[in-house]
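Dear colleague,

I am handing over the structure below, and my notes on what was found in it follow directly after.

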Amino acid sequence: MGAAYELIDVMFGYGVELVISIDHLRIEEGEFVALVGPNGAGKTTLLNLLAFIANPRAGKIRFFGESVSRKNVVALRRRVGFLIQSPYLFNTTVEANIMWGLRLRGIPGREARTRAREALERLGLSGFEKRHAGKLSGGESQRVALARALALDPRVILLDEPTNNMDEKSAKLMEGVVLELNRNRRKTVILSTHNLSSWSMTPGRVIHLPAIGLKEP
Amino acid sequence: MQFFIESAISAFELIVSFDPEVYFIIWTSLRVALVALLFAALAGVPMGLLIALNRFTGKQAVLLVLNTLMALPTVVVGLFFYALLSRRGPLGTLELLFTPNGLSLGLFALALPLVLHLTIAAIEDLDPRIVITCKGLGANARQTAWKVLQEARFAVTSALVIAFGRVISEVGIAMMLGGNIRGFTRTMTTAIALETSKGEFVLGLALGFVLLAVAFGVNALLFLLQRRR
């Protein structure tokens with residue numbers, strides 16, 4: 001099995017401040033990695049780089065062997081499921097929220113609807129299809145956002161502080177789903193957390209941030 | 001007071017009797033305003049989207065110019081386009097002066113900065129997580145822009161409603177570019193001004209009622225849209 005990600009001499013910063021400086025980082029396909037560090041350590045920034053939302057100031061990122069460039073960045077983004085911290089749901093129904101990403105990929109309406117229903121079912125949200133996204137609780141919104149990302153069947157799942165603002169029951173459910181995808185379907189999972197002890201599952205590898213001069217493995 | 005009441009009753013009778021002249025004036029007003037608004041929307045909404053979603057040098061200057069243009073007196077717009085469209089003007093060969101299309105052009109210039117400014121404000125007011133969410137779901141720049149516009153739909157529609165209110169009720173441009181020609185370019189506002197100056201208070205008042213009804217309709221629509229947001 002090859003590398004999902006390979007980062008070589010990657011640097012990223014805001015203004016003069018350097019937030020990320022990675023000499024070498026390799027994440028294998030099917031790996032479960034936790035990015036741990038205090039607030040401001042660059043966890044979100046690193047995830048943004050891995051989701052191809054932010055461009056590094058210098059260095060090279062390879063994704064399943066493919067170098068990231070301006071030309072292929074949208075295609076590569078479509079192979080990643082990214083759950084941002086406090087996710088945003090579009091001002092429409094839950095179903096339309098989940099179907100949007102699928103429709104972008106040219107999946108026909110009927111199939112997209114089925115996949116949306118299955119994703120909701122997996123996260124314990126059956127029957128939520130026609131609900132308006134603006135009327136959901138914090139935990140429900142978070143689960144819908146995860147369902148939206150997972151419905152796309154990405155090769156890599158990136159989760160930024162996924163259990164923040166979540167009740168215990170929702171957090172456990174989410175952990176279970178993520179773990180199942182990693183163990184049984186060999187999805188690469190990279191999550192950020194400032195408190196690893198809040199997670200009942202053990203990741204395969206923990207990367208401590210800030211990532212200045214990081215060299216792993 | 002008696003005079004006002006009698007005139008109001010006569011005006012009301014004129015409206016319900018479906019007087020052809022009154023309705024032609026109403027139709028002309030609505031037509032030129034809607035044509036102007038259509039083109040202002042087609043140009044202003046995508047431009048607003050582009051300005052709001054991108055950072056570029058001089059953006060603040062663009063916003064400042066738009067703010068200034070929003071406050072431009074309608075007679076100045078009328079004067080400028082009169083110079084452009086008059087026979088000796090650079091666009092004189094188009095023969096648009098004193099035509100409904102020439103009038104729509106002036107109203108378009110009045111509506112455009114308003115549509116642009118309010119679209120930019122509507123989009124900049126949106127949750128900043130929308131763009132990152134769209135990108136994260138695999139949208140390209142065009143798909144992201146379209147989604148952003150969808151999220152701002154109520155505010156952008158409000159912008160169009162406000163712009164319509166502005167163009168339907170203005171008089172300076174209608175007078176200077178339309179010429180207030182009976183049965184051709186006479187609008188509600190120019191007719192009110194003319195008829196009142198002639199002492200024909202009834203027709204002016206009848207059109208005033210219609211204009212008020214339009215203003216009420218526009219505001220009711222705006223109110224409903226704001227409630228939906």
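A residue is called buried here if 20 or more other C-beta atoms lie within 10 Å of its own, exposed if 12 or fewer do, and partly exposed in between, with the C-beta atoms placed from the backbone. By that criterion, 38% of the 229 residues of chain B count as buried.

This is a predicted model, in which local features need pLDDT of at least 70 and side-chain atom pairs count only at pLDDT 80 or more, while totals for chains, interfaces and linings use all residues. Residues are numbered from 1 along each chain as its sequence is written, and chains are lettered from A and ligands numbered from 1 in the order in which they are written.

Chain B has eleven helices and zero strands, where helices (H or I, at least four residues) and strands (E, at least two) are DSSP runs numbered from the N terminus. The C-alpha atoms of chain B fill a box of roughly 65 × 45 × 25 Å along the principal axes.

In chain A, five strands form an open sheet with parallel pairing, in the order S6-S7-S8-S3-S9; two strands pair if DSSP finds at least two bridges between them. Strands S6 (80-83) and S9 (205-208) of chain A stand at the edges with a single partner strand each, so one side of each is left without a neighbour in the sheet. Strand S3 (residues 32-36) of chain A pairs with strand S8 (residues 188-193) of chain A in the parallel sense over five bridges, and A:Phe32 has A:Val189 in S8(A) as its bridge partner.

Best regards
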